[in-house]
Every structure is written in structure tokens, then in C-alpha cells.
Amino acid sequence: MSVRRGLAGPPPLRVASPDGPWEALSGAVRDGGYGLAYGLASEWAPAARGPALRGLLGHEYGRYLAVNGEEARTRFAVSRLVLKHGAAAVLGADPADLELARRPNGRPYLRGCGRLDVSLSHTGDVVAVGLSRLGPIGVDVEPQGRAAYGTGLEEDVCTAHERAALGWLPEEDRNAAVIRLWTLKEAYTKALGLGMRLSFRSFGFTTPSTRTAAPRLLGTDGLPADDGGWHFETHALDDRCTLSAAVGPAPHAAAGTVDASGMVDSGLMRAVVSCSRKDALAATGAEGDGNGTAGRPA
């Protein structure tokens, strides 16, 4: 199975709480190979302050305590909650049994769940996640109203051809176009595991004329590049943010449902997660009720 080509996928699912509904996300991963979801930190805040938070964050609880500022700490927690609850719905697992870790290149992954690739991004009040059983996935979200065009950002992230193409657009469309290009490049380099190590000016994208068209990868000369089967798309979220996603191919990706029971022995997974959490908490010396008040750095 390969990702859809030429057309953007269905709109990302907005989820207001851990209760979901998650059916559209699990169905998108099952039927299309990948899915996108987002939530607002302000709506998820009650779940990010509950007594179950410590268990859900696992070994990242120490990182959560070290985040400065209540708003930033809540956003950190919510990003993990949206990702874990979404992944749990896809896998048929308990969110508390899923452990988020990072590879040496910084890419996040779920321990023991290698067939499900994950990505997350947040800006302001918006938290977005991507899940894929096809191959690597990257997502990036930025405010639509952020000043971009004319600030010098296009000089940093755009090829010469893209900068010329921006000049062909009506002036009122140029800022949004820079945001789309920027988030696409962020999503692609995240999925590749390269981040800022790959110059954004070493590749380009088309600017689709309609919301249903998917962007295409371009070379620095503006000509179509061999995308190797990658799929790209952008979406507007509630007229407040732009979400872009990059989904890599996997020629031998398994069709149908991806579930935790087919990946790893559940008893072994719980033992690994438990040990990892004990080690992390011992290292931070964190104690308390999970509300972010104990063990916080001075």
C-alpha cells in the first residue's frame, strides 16, 4: 500500500478531551495508512492537571516538572496526552502503557511499537500529532497570522525559485504561502530525522492552487523532483493555524489494523515501562501528586 498521491487527505481530527472521539483517527490510519489530529491546550488542561498525569507521562515526568511556566508546562503535557491517547486508539492499547522516547537524532517514537511512526508539534494553544503505519511521518503547525513574508524568513527557508513564485502571488496571499512552505519543510525534515541539519533552501515545494491539492516536491531550480513516494499536505485549522504533514513510503507496509498485541508481549512492555519510569523518577528525585508543583526546579 502507498500513500494517496495528488490529493490532500481528510481534514485533521479535532479532539477536545481524552475521551475523543478517536474513531476517525484510527479509521484513517487503518484505511489510509496515516492520520492527523489536533487539540487545544486550553481544552485539554483539566486532563493535564489530574492525578493520572504522572503515570501517563512516564519517564518524561521529570522533563515536565523542569519546564518553566504553567502555560508551557501544560502545553508540554497536553502534547503527550494527545499523542498517547491517539496512538492508544489506533493500537487498541492503554495510553499509560505507551512510552514516548527519542532516537539519537531527536525523532520521537513509541517504545516497542515500531510499526507506528509518530510526530508532534505545538504552537500557542494548538497541539498537533501525526500517526503513520506506512513509514516516517512529520508534522508542523504555525499560526496563520504570524508575520513571515517581508521579515527575512523567506530568505532563510525558500529557494530562489520559491521567492520568485511568491512575487507572482497577490500581495495578500504571500504571507500565508510562506507559512505553508515553512511548515512543509519543517514537517519533511522532521520525518527524515534531519531537522535543521538539512538546509531548507536545498529543496522546494509547489504552492497548490486549491485546498484539495497536495504540494509537490521541487528541486532548487523549480522543476519537479523525484519524491521517492513521499506525500505532503497542508491544512487550515479553525482559521487560526496551518498544519503541514510529510508522510514517507514503506513498500512492504502491512495492510489493515495495527495493534499493540501484534507488536510486543504486553507483560514485557509493562515491565520495561515500569523500570524506565522508576529510573527516571529516581534520577530527578521527583515526588508529588502529578500537578507540577513538586520537584520543580527553583
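Two strands count as paired here if DSSP finds at least two bridges between them, and strands (E, at least two residues) and helices (H or I, at least four) are DSSP runs numbered from the N terminus. With that in hand, start at the open sheet of three strands, in the order β7-β11-β10, with antiparallel pairing. β7 (137-143) and β10 (231-237) stand at the edges with a single partner strand each, so one side of each has no neighbour in the sheet. Neighbouring strands are turned by 15 degrees against each other on average, direction ignored; the axes behind such angles are lines fitted to C-alpha atoms, for helices over the stretch in contact, and angles run from 0 to 180 degrees between N-to-C directions.

A quick word on the source: this is a predicted model, where local features need pLDDT of at least 70 and side-chain atom pairs count only at pLDDT 80 or more, while totals for chains, interfaces and linings use all residues. Residues are numbered from 1 along each chain as its sequence is written, and side-chain values use heavy atoms, with hydrogens and water left out.

Back to the sheet. β10 and β11 (residues 241-247) run antiparallel and are joined by seven bridges; Leu237 has Cys241 in β11 as its bridge partner. Helix α8 lies across β7, β10 and β11, at about 150 degrees to β7, where contact means heavy atoms within 4.5 Å.

From α8 (residues 171-192), Tyr188 reaches Phe203 in the loop between α8 and β8 (204-205), a link between parts 15 residues apart. To call it a pair, the rings of Phe, Tyr and Trp (its six-membered ring) need centres within 6.5 Å; planes under 30 degrees apart are stacked, over 60 edge-to-face, and the rest tilted. Tyr188 and Phe203 are edge-to-face, 5.4 Å centre to centre with 80 degrees between the planes. Buried means under 20% relative accessible area, exposed over 50% and partly exposed in between (1.4 Å probe, protein chains only). Tyr188 counts as buried at 11%, and Phe203 is buried too, at 6%. Ring pairs also draw Phe200, Phe205, Trp230 and Phe232 into a cluster with these two. The charged end of Lys185 sits over the ring of Phe203, 5.3 Å from its centre; that takes NZ of Lys or CZ of Arg within 6 Å of the ring centre and within 35 degrees of the ring normal.

The whole structure has 10 aromatic pairs. In another of them, Trp22 and Trp44 have ring centres 6.2 Å apart and planes at 65 degrees, so this pair is edge-to-face. Trp22 sits in the loop between β1 (13-14) and α1 (23-32) and Trp44 in helix α2 (residues 41-44), so the pair ties together parts 22 residues apart in sequence. Both are buried.

Gly33 follows α1 with a positive phi, near 95 degrees.

Now for the cores. A nonpolar core is a set of buried Ala, Val, Leu, Ile, Met, Phe, Trp, Tyr and Cys residues joined through side-chain atoms within 4.5 Å. The largest has 36 residues, and Tyr64, Leu110, Leu116 and Leu131 have the most contacts inside it. α5 gives the most to this core, with 10 residues. Apart from it lies another core of 21 residues, among them Ala148, Val178, Leu184 and Ala187.
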